[in-house]
Amino acid sequence: QPQLVESGGGLVQPGGSLRLSCTGSLFILDYYAIAWFRRTPGKEREEVTCINSYGNRTRYVHSVKGRFTISRDSVKNTVYLQMNSLEPEDTGVYSCGKSRYGQRLCEDAQFVTWGQGTSVTVAP
């Protein structure tokens, strides 16, 4: 029953922006590190970014540094991924995952994902 639900994907031109949302259903995200992943056919899944449970430390894959920002809103029980200056290479299905209970830091986390993800396509 508890799950994560992604939303906010779409089709955007290079240089454009999107904001993705990851919302928890039937559990509180404050206890967990949350990560965004993306996958493209023919490629292995890649961790894009992670935010710890405290919201005070993040990490990003090198290719998105300076363009993407992860943040969290405990009131809305949601983690966001703001994506700016999008490039065709950012195309993929984006999913969010949470750490297991007690794993509050990204460095300690094993992630669980079970949503459909949200599709991002960056093309002229």
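Helices (H or I, at least four residues) and strands (E, at least two) are DSSP runs, numbered from the N terminus. Two strands pair if DSSP finds at least two bridges between them.

This is a predicted model, where local features need pLDDT of at least 70, side-chain atom pairs count only at pLDDT 80 or more, and totals for chains, interfaces and linings use all residues. Residues are numbered from 1 along each chain as its sequence is written, and side-chain values use heavy atoms, with hydrogens and water left out.

**The sheet**

Strands of a sheet pair through backbone hydrogen bonds, either parallel or antiparallel. Here, four strands make an open sheet, ordered β1-β3-β8-β7, with antiparallel pairing. β1 (3-7) and β7 (68-73) each have a single partner strand, so they stand at the edges, and one side of each lacks a neighbour in the sheet.

Look at β1 and β3 (residues 18-25). Five bridges join these antiparallel strands. Gln-3 has Ser-25 of β3 as its bridge partner.

Most residues other than glycine have a negative phi. Asn-77 is not a glycine, yet its phi is positive. Ser-85, also a residue other than glycine, has a positive phi too.

Buried means under 20% relative accessible area, exposed over 50%, and partly exposed in between (1.4 Å probe, protein chains only). Asn-77 is buried, whereas Ser-85 is partly exposed.

| Residue | Phi | Loop | Relative accessible area |
|---|---|---|---|
| Asn-77 | about 55 degrees | between β7 and β8 (78-83) | 13% |
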